[in-house]
Amino acid sequence: MSILSLKSVSKSFGALTVTDDASFDVLQGQALGIIGPNGAGKSTLFNLITGNVRADGGSIHFEGRDVTRASAMERCLIGIGRSFQIPQPFEKLTVYENLLVAATHGRNLSEAIVRDDCADILERTELIRRANVPAGRLSLLERKRLELARAMATQPKLLLLDEIAGGLTEGECQALIRTIKDIHARGVTIIWIEHVLHALTSVVERLLVLDFGKVIGLGDPEEIMASREVQEIYLGIEV
Amino acid sequence: MAYSVTTQTPASRIAAIAGVILISLLIALPFFAGRGTIQDMFFILTMLVLAQFWNLLAGYGGLVSIGQQAFVGTGAYALFGVVILWGVDPVPAIFCAGIAALVIAVPTAFFAFRLNGAYFAIGTWVIAEVVRLLVAQWKMLGGGTGTSLPRDATRDMWFIESIESTLGLRSAAARDVLAYWLALVLALATIGGIYWLLRTRRGLALAAVRDNTEAAKSVGVDAGRMKWIVFLTSAFGTGLAGGLIYMQKARISPDAAFSVTDWTAYVIFIVVIGGIGTIEGPIIGVLVFFALQTLLADFGSWYLMTLGVLAVVVMLVAPRGLWGLLSEQTGLHLFPIRRRLTGGKLASSEE
């Protein structure tokens, strides 16, 4: 069963078409990776799915429901969670409070009820010792973890990760992969944009290639990586 | 070990006890203080209320308004209107002042929320000017020259008679005492109410919207609704304060009631000097402001220049105000809102 379905979704900023007739389905419980060169429209595609940007045309369905016109807040409430490419923490709030905002509002529950869930997520994302530190004082790795932890706090059915492994050391990257695999193992559907390909391919079951806003490939990661278009884009090989 | 959450700090417990003693002293003040002190305290308390609401708007809601005089003036004129035209007692009329400001705030927000940042600030100012010009056309309330509260309305106000007999005061002094007590109630309710709001999950949402609106929306926060709540609450409270201030003055004119200097510039000074985004800041700020005003009262325009220079210096040296500087150095919070997670894996070593 498909949890997310895009049909002919398009978006332009002025004369620049950033999403061009994108259509694809994501199955329930699947992990989909998205790759493509810089400026291919990957983050815009995410913003269209999460409602931070409105589509010019086409339709987006989540669990069979038309959410094309729904706001970012509404999409969070029905189960779409996200991390931002450039971490966007609530800087003056503590790490714990960052999760608390997400859990109380994203799930519409009281602070007392979500307390243990938030603490559990902080343990799983290795942020627990930084729980009472203002988010503005975190390091890059910690900010990336906070993006992930905050998205998890809304208890999403579909989790969108935007370049969450970028800029991390190999060791940090491995720790992050473990955490993401753990989330995926709990049944959460994942869409992950990533330039760090080995991190991506160690988690995802399907791979989507985006170039100039168009979906130019979708399928098994190994086949996609071996395909001519991807080789051209990533290695600059003229075939 | 299980996790638990606390907001209290040892300092906040001491502050709570000191607060109770201070409040008792303030309630009893008219029994041993002279009329001058009561009037000064009335001024401090009403400015504190205005500052707390502007701080709620700008410091917590990120809505930098320079049009708060619209709500002071509207509240004040609403009070005069219902007292003069309908014969309502001035004390319950203060409530009408709040309602009137709330009513004006709805179309104001409708227009101003289309603007952001500096445009929002200027937009609110323009709207306040429009309201002032409209009120100046209201001939029954004196038009551009203004009017006074009728003598019998101020003489026969609620509670005045019992204050006169209990404290042995004349009517005018008793009115000051009444106004002072009402201002004290309003200030305590304001601080208590804002503190309560910040400790609920709405308060968390407000902080999230202030820090990052787009991210707040993405975790399910209704950012638009938070802005409305903050704007309307501030308008209501500012309107109440406006009504009360002019009930005490008993004389009104559009230029005074809609003064951008008195009801917005001074208020911003108080919040910025004291520390924006904290409840303690406006309290410190209003005391500094009052001290400066008393010291420099005889120096005319030098007074305003000193205020300006001081504001610039504080913004450069301590951008988070005097309270911000103090709490950064000492870690002191009198009204703690930070939720600290304790227990569990944090029990052994806390950072």
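Q: How much area do chain A and chain B bury between them, and what makes it "buried"?
A: In this predicted model, chain A and chain B bury about 3,100 Å² between them, 55% of it on carbon and sulfur atoms. Buried area is the accessible area (1.4 Å probe) that two parts lose on being put together, summed over both. In chain A, H105(A), R129(A) and N132(A) lose the most area to chain B, together 21% of what that side buries.

Q: How many residues does each chain bring to the contact, and what counts as contact?
A: Chain A brings 38 residues and chain B brings 34 residues. Contact means heavy atoms within 4.5 Å.

Q: Why is the pair E123(A) and K345(B) called a salt bridge?
A: The rule asks for a side-chain nitrogen of Lys or Arg within 4 Å of a carboxyl oxygen of Asp or Glu. In E123(A) and K345(B) the closest N and O atoms are 3.9 Å apart, so the pair passes. The count between chain A and chain B is 2 salt bridges.

Q: How many residue pairs are in polar contact across the interface, and which parts of chain A touch chain B?
A: There are 17 residue pairs in polar contact, both residues at pLDDT 80 or more. Helix 2 (72–77), helix 3 (95–106) and helix 4 (111–124) of chain A each supply at least two residues of the side that touches chain B. The largest share, 8 residues, comes from helix 3 of chain A. Helices (H or I, at least four residues) and strands (E, at least two) are DSSP runs, numbered from the N terminus.

Q: Why is the link between R132(B) and E129(B) called a polar contact?
A: A polar contact is a pair of N or O atoms within 3.5 Å; within protein, one must be able to donate a hydrogen and the other to accept it, and residues adjacent in sequence count only if both atoms are side-chain atoms. The side chains of R132(B) and E129(B) are joined at 2.9 Å, so the distance passes. R132(B) lies in helix 5 (residues 117–135) of chain B. Not counting residues up to four places away in sequence, R132(B) touches P254(B), D255(B) and F258(B).

Q: How much space lies in the largest pocket, and which residues lie nearest its centre?
A: About 1,300 Å³ of space lies there. The lining has 39 residues, with K92(A), P134(A), R320(B), H333(B) and R338(B) nearest the centre. A pocket is an open set of points on a 1 Å grid over the protein atoms alone, where a 1.4 Å probe fits, with protein on both sides within 12 Å along at least five of seven lines; lining residues have an atom within 4 Å of a point. Grid points are joined across faces, edges and corners, and the volume is the space filled by probe spheres set on the points. Helix 9 of chain B gives the most to this lining, with 4 residues.

Q: What classes of residue line the second largest pocket?
A: The lining has 22 nonpolar, 4 polar and 3 charged residues. Ala, Val, Leu, Ile, Met, Phe, Trp, Tyr, Cys and Pro count as nonpolar, Asp, Glu, Lys and Arg as charged, and the others, Gly among them, as polar. Helix 1 of chain B supplies the largest share, 9 residues.

Q: How are residues and chains labelled, and which atoms and residues count?
A: Residues are numbered from 1 along each chain as its sequence is written, while chains are lettered from A and ligands numbered from 1 in the order in which they are written. Local features need pLDDT of at least 70, side-chain atom pairs count only at pLDDT 80 or more, and totals for chains, interfaces and linings use all residues; side-chain values use heavy atoms, with hydrogens and water left out.
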